[in-house]
Amino acid sequence: MSFHVRVNDRSHDDEPRAGQCLRTYLRERGWFGVKKGCDAGDCGACTVHVDGEPVHSCLYPAVRAEGRAVTTVEGLASPDGELHPVQRKFLDAQGYQCGFCTAGFLMTTVALEAERGSAHDDGKLDDLPRAFKGNICRCTGYRAIEDAVQGVRHTERPCAGKAVGKNVAAPAGPQVVTGTARYTFDVEVPGLLHMKLLRSPHPHARIVAVDTAAALRVPGVHAVLTHEDAPPTLYSSARHEHPTEDPDDTRVLDSVVRYVGQRVAAVVADSEQAAEEGCRRIEVTYEQLPYVTDPEAAMLPGAPQLHGDKGPEARIARAENNVAGEVHGEIGDVETGFAEADVVYEETFRTQRVQHASLETHGCVAYFEPKEDGTGERLTVRSSTQTPFLTRRALCALYGLPEDEVRVVAGRVGGGFGGKQEMLTEDIVTLAALKLRRPVKLEYTRAEQFHGATTRHPFTIGITVGARADGTLTAVRMRVVSNTGAYGNHGPAVMFHSVGESFAVYRAPNKKVDAYSVYTNAVPAGAFRGYGLGQVTFAVESAMDEVARRLGMDPLVFREKNVIGPGEPMHSPIGEEEDLFIASYGLDQCLSVARRAIAEAASGEDTSADEVPEGWLVGQGTGMAMIATGPPGGHYADARVSLLPDGTYDVAVGTAEFGNGTTTVHQQITAGALGTTEDRVAVRQSDTDVVRHDTGAFGSAGTVVAGKAVLLAAGSLAERLRTLAARHTGVARHLCVLGAEAFDCAGRTVTLKELYEAGHARGAAEELAADGHWGGSPRSVAFNAQWFRVAVDPATGEIRILRSVHAADAGKVMNPMQCRGQVEGGVAQALGATLFENVRIDERGKVTTAAFRRYRLPQYADVPRTEVHFTETSDAIGPLGAKSMSESPFNPVAPALANALRDATGVRFTELPLTRDRVWLALERQARVLGA
Amino acid sequence: MDLNTVTDVRDGRRHEPWRPGDAWLGGGTYLFSEPQPRLRRLVDLSRMGWEPLTRAEDGSLEIAATCTITQLSRYGRTMGVEAAPLFEQCCRAFLASFKIWNMATVGGNLCNGLPAGPMISLTAALDGVCLLRAQDGSVRRAKVVDFVTGAGRKDLAEGELLRSVTLPARALGSRTAFRQASLYGLGRSGALVIGTLDPVDGSLAVTISAATVRPFRLWFPLPPDRDELRRAVEAAVREEDWFDDIHGLPEWRRHMGLRLAEEVRRELTHSLEKSAR
C-alpha cells in the first residue's frame, strides 16, 4: 500500500508507523511548528488542519492522513511570506509569551474564523471560553490572546533612543507566529539516538540487581545505563551560582531509589520505540525499604531515613531526621509579645504540590561538534534550561571535563517558571553521549513532567500573630515545614527565602521562626515562581486579615499601620541581609490601589456584583507581598554589545528567553543607550559561547541583573564610539552626537557603517565593542498587592471572581505591555494554584495526576481579566530605575482570594486549593454548626 | 501520542480472527491519549461506511458507533424533535474541545464507560439501546444504562463491537431538562443530571450520571414531588455508587446529584403544571 499525504502543499510518501500519531509524523519530516505540549489531546499545541478541519495531531492516527491535505502553522502564511491576518493580529497584540502554545492558538483561531458565517457556525468566535477549551497557555493568562483574536493592537515603534518604557514587540515574534522559532527539540541532528528512562515502581528500595541482557537484544538498542555506569559523584540537580546552597544528595543513577518515578536505568536506541521496548525488558531486582511520605512523620525518631548513608560532605542538616535544612531564629521575645497582645491568633495553613507545567517539557539533545580552535571535538548540549552556564559548570564537574570541551546552549525555551533551574536531563544524556560518542536526545513525556521532574514545595505553616487593640503588632511566630521530597534540590534555599521577606515586610518587635526542609519519599520539589514566598505569604496575609477582623479593624488599615516604611530596616528572625535595600518604595501606592477598589465597590461605582444570583455571597479581600529583586549571594551577568559591519548592533547575553521578555528589554536598553531604534539591535543569548558567564534566568534577574550588564556595556560602547568618531573626524568629542544610524559630528555625518570601517582600518576593532558586568548586588525590593471581589454560591461551592485588581511596584517599567503580561500570567498561574491545581500522590508517594486532564490548569474560561496598575517609582539600584516583576505577582493572589472568601462567607479557608467541593463542604459544615 | 507497541492497523471491514492485543480504533481520541503497552493491533473502524445518523420510519434515531461528536452536534441542531436541545447540551458537556469533536466518536465515549462520558448521559437519558456484535457474528441488544456497569466498566466481551445506539422515538419526543456541575469552569462533569418528560403518559425519567460510577435512570409513572424524588435517588444510588475521584469529593457529588435532580424535576413539572392550567 502506498501512502501519500500533502503537508502545506508539499508531498510526503513515507509510510507512517502503525501506531504513529500525526504529530510525530509531521515533526519527523521537519514540520517543527507542530508542538508537543501534552501528547494527549489536552493542550492543543499540536493543532493542525486535516482537509480544513482542526484536529489535535497528537491523537490523530497518522495512517488516516492517507490522501489528505494537512496544514500546519508553517502553511498559514502565503508562499511569498505574507502573514495570515491571524498571525498579524497575534503579533500586534503580542498574544504570546514563550510562544510554545501559539501555533495551536493560531490554527484554532483560523479555523474559528473560517467557520464564522458558514452553515456550521455555532457562535464559537463570540464565545472564546468555549472555543478555546482545547488550548492551554501557561504564560499569558489569556488576556493577550483575547486581544489578539479581537484585533487589538498593543505594539508600538518608538523613535530612535526612545525605546525604554515603550511597548516594543518581542524580536522573536515573527518566528513564533510562523512556527519557525526553534525550541529545544526543533533541530535535526544526523545519527541521533534516543533515550528512554526506566523509573522506579517503589517509593524506597535498594537495587539488588539489574539484568539488561534482554534489553540489549532489542534491535536498535545501543546501550543500557545503570547505576554501575554512573559516576559515584554526589551533586544536586538544583542550579545555583554557589553549588553549596544545595545538599549534594543525588547521583546520575543511584543504587537506591527514593521515590516512585526515580530513574533506575536509561536505554539508548535508534528510535524512541526501541528505547521504550528496551525499558520494558530490563529486569530489576529490588529490596524494598520502609518509606515515609509525611514530612512531620519523617522527622520523628525511628522514621525511615532517606539519606542516612551520607556524610557531612553532602551538607544535609540532619540526615538522621530527614531534615535537609533548617533555620531557627528569634528577634526580641515572642512570648512577651503575645502576653502584651489583646488578640492572639493561631492557625495552621497548608499549600499543595503544584507543577510548573511549562508547555515545553524538560529535555536536551547532546551532540559533538569540532572545537573552534581545531583541536578535536567538544560536546554541545542543547537544553530546555534557564541556566546554561551553571549546567555547563555542573556537567564539567560531574564528568571531569574542561569548560572549553562543553558548550551548553538553550534555544527558545517553552516556559520555565523555575522548573528549568534544574539539571534533570543533561547529566544522564551527557553520560550516554560520552559513552557512545554519538548524539543523544532525551525528551520528557508530559507524564514524566509530573512524576519525574519537580514540583512547588508543599508547605505547612503554623502561624501565631499577636496584636494590641489599637492594631499594633506585638509578635509573629511561624513554624514552617516544607516538604522537599526525595531530594534536597532547592529545599533549604526555598525554605530560607520563604521566611525572609514575608517576615520583614511587617514591623513587629518580636519575631520567631522554626523552619524545616524535610525529605520524604515523594517526587522532589524544586524552584518554583516565588521560591517559597508564595506559600508563607498565604499564611501571613491570611493571618493578618483575620487578626484585623478580630480587632474590628479594616484589614487594609491594619496593614498600613504595620508594614515597614521606606526608611525602615527589614528584620527577619533569620538575620539581616546586608546587601538588601529599599531602593524604591511603592507599597503605599500598591495598597492605595486596593483601597480605591474597595471604595469603588462600596460606592457602587464597581457594578460587578450587580448581576450576582440570589443566594450568592459577595466579599472582597486583599493580599500583599514583598520580594527581593534578586537572589542573595551574587547573581552574575556578562554582556557584550558590538557594532557590526552593517552599522547595526549585536548584544550578547547569557540569560535565556522563555517568554519572560528579557530579550525585548535588552534590545530596548541597548537602543536607548545608543540612541537608535530597536530594530537595529539583535540579541544573541543563552549560549555558553557568547559571553563569559551568566548565572541564569531565575530569581527574576533578566531585567535587573542581565539588563544592568547590558546597560553598562551599551553605555560604554556609546562612549567608545564617540571617541572613535571624534578621532575619525577631528571634531571635538562633545560635538559628536550619536543618532540612530550615524554620528553627527558638528554637521558632518558619519554613518555607523563608515565608523565601523574606520575603526577597523585604524586597527581599533576592540573599540567597536564593549563589555558590561553586573554582580547582582546590592539588591532592592519590589512590592505587589492583589485585590479580589468574589461571589460564592454556598449551595454548590462555586466561586466567581467579580473583579481582580493588581498593583505592581516594578520601579520604572521598561515595557508596559510585556510587564503587564508578566503580571497577568503570574496572577493566572497563582489562581490555578489557589483554585484547583493539585499534584496528588497516593499513599506510596506515587503521583496520580500525571496528565493535564487530571491536573487542571487555568484555561481561558477560568481566568478573569485582571486590572494591572503600576506604581510611580524609580529604583536607585535597578537599571534605569527598573525592578524585577516575574515571580512576585504570584505571591499575594492566594491570600487575597482566601480573604475575599472569608469576607463573603465568614469561613477562614486554611488549605489550598479552594475547589468547589471543598468550599461547599466547609460552608455546609459551618451551616450545620450554626444550625445546631 | 505514538503507540509504539502497535505493529499493525487492520481494516475493520475484513472479518479477521480477534487476537489478544487487538483493539477497535474509533476516533482514536482515547487510545492515542494514553500509553497502551498491551496493544499490538488496531482494528480501524473508519472505513466501515456506517451512516452516522439514521432516522427510522418509526421515528427512532440510530447513531452509528463511528458517528463523530461534530456530526451529532450538527444533526442535533437541525433535528426537529422535542429532545433536540439535549444533543448540543451533552456535546458541550465534553471536557474536550470542538477539535476533539471532529475525531471522537459516540461509540468510543460509550465504550470508555467513564462516569463523565456525556454520550453515556445523553443516550442513557433518552432510553438508548446498544446494538452489539460479537466476534462470532451474533448480535445482541443492551440498554445503555445496563451496558455501562461501573467507572470504566461495561458489558462488552473481548472483541465484541458496539455497532450503534438507538434512541426510541418516544424518548426523542420528550421534553428535557439538563444540568451539569464541574469543579472548574467548562470542566469535566462532576455531576450531570437529565430529566425527560414523556409527552404521551406524562411519566418522568431522571438520569443521574458523572456523580455516580454509572448512569442511574429513575423512572416515575407520575412526576414525584421533591421528597419522593430524593427518597428514590437515595434508595437507588448506594453510598459507594457516588463516584470518588479527583474531579469531586463524593459528598459534593451526592449533594450536586440530588440538587440537580431536584432542579430538573422542578423545571419539567413546573412547565407541566403551567400547561395543565
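Predicted model: local features only at pLDDT ≥ 70, side-chain atom pairs only at ≥ 80, totals over all residues.
**Chain B as a whole**

Let's begin with the overall build of chain B, which has nine helices and 14 strands. Its C-alpha atoms fill a box of roughly 65 × 45 × 35 Å along the principal axes. A compact globule of 277 residues would have a radius of gyration near 19 Å, and chain B agrees because its own value is 19 Å. Buried residues account for 52% of the 277 residues in chain B. Now take the contacts in chain B between residues at least 6 apart in sequence: 66% of these join residues at least 24 apart.

**Domains of chain B**

Chain B is divided into three parts: domain 1 (8-39), domain 2 (53-170) and domain 3 (174-276). The C-alpha centres of domain 2 and domain 3 of chain B are 19 Å apart. Across this boundary, 21 residues of domain 2 of chain B are in contact with 25 residues of domain 3 of chain B. On the domain 2 side, α2 (84-92), α5 (118-125) and β8 (148-150) of chain B each supply at least two residues. The largest share of that side, five residues, comes from α5(B).

**Where the chains meet**

Next comes the meeting of the two chains. Here 39 residues of chain B are in contact with 46 residues of chain A. The elements β1 (8-11), α3 (98-101) and α9 (250-276) of chain B each supply at least two residues to the side that touches chain A. Which element of chain B gives the most to this side? It is α9(B), with five residues. The side of chain B that touches chain A holds 19 nonpolar, 13 polar and seven charged residues.

**A sheet in chain A**

Chain A contains an open sheet of five strands with mixed pairing, in the order β2-β1-β5-β3-β4. At its edges are β2 (10-12) and β4 (53-56) of chain A, each pairing on one side only. From one strand to the next, the twist averages 35°. Inside the sheet, β3 (residues 47-50) and β5 (residues 69-71) of chain A run antiparallel and are joined by two bridges. In β5(A), A:Val70 is the bridge partner of A:Val50. Helix α3 (residues 102-115) of chain A packs on the sheet, touching β3 and β4 of chain A, and its direction makes about 40° with that of β3(A).

| Residue or bond | Value |
|---|---|
| A:Ser777 to A:Pro778, cis peptide bond | omega near 0° |
| A:Leu912 to A:Pro913, cis peptide bond | omega near 0° |
| A:Ala357, positive phi | phi near 55° |
| A:Leu880, positive phi | phi near 55° |

To find the prolines, look for A:Pro778 in the loop between β28 (769-774) and β29 (781-792) of chain A, and for A:Pro913 in the loop between α23 (893-905) and α24 (916-931) of chain A.

A:Ala357 sits in the loop between β13 (343-350) and β14 (363-370) of chain A. Is A:Ala357 buried or exposed? A:Ala357 counts as buried because it has 25 C-beta neighbours inside 10 Å. A:Leu880 lies in the loop between β31 (866-870) and α23 of chain A. A:Leu880 has 20 C-beta neighbours inside 10 Å, so it counts as buried; the cut-off for buried is 20 or more.

Key:
Residues numbered from 1 in each chain as written. Chains lettered and ligands numbered in written order. Contact = placed C-beta atoms within 7 Å. Helix = DSSP H or I, 4+ residues; strand = E, 2+ residues; numbered from the N terminus. Nonpolar A, V, L, I, M, F, W, Y, C, P; charged D, E, K, R; others polar. Pairing = 2+ DSSP bridges. Axes fitted to C-alpha atoms, helices over the stretch in contact; angles between N-to-C directions. Domains from an automatic or database assignment. Rg over C-alpha atoms; globule rule 2.2 N^0.38 Å. Buried ≥ 20, exposed ≤ 12 C-beta atoms within 10 Å, placed from the backbone.
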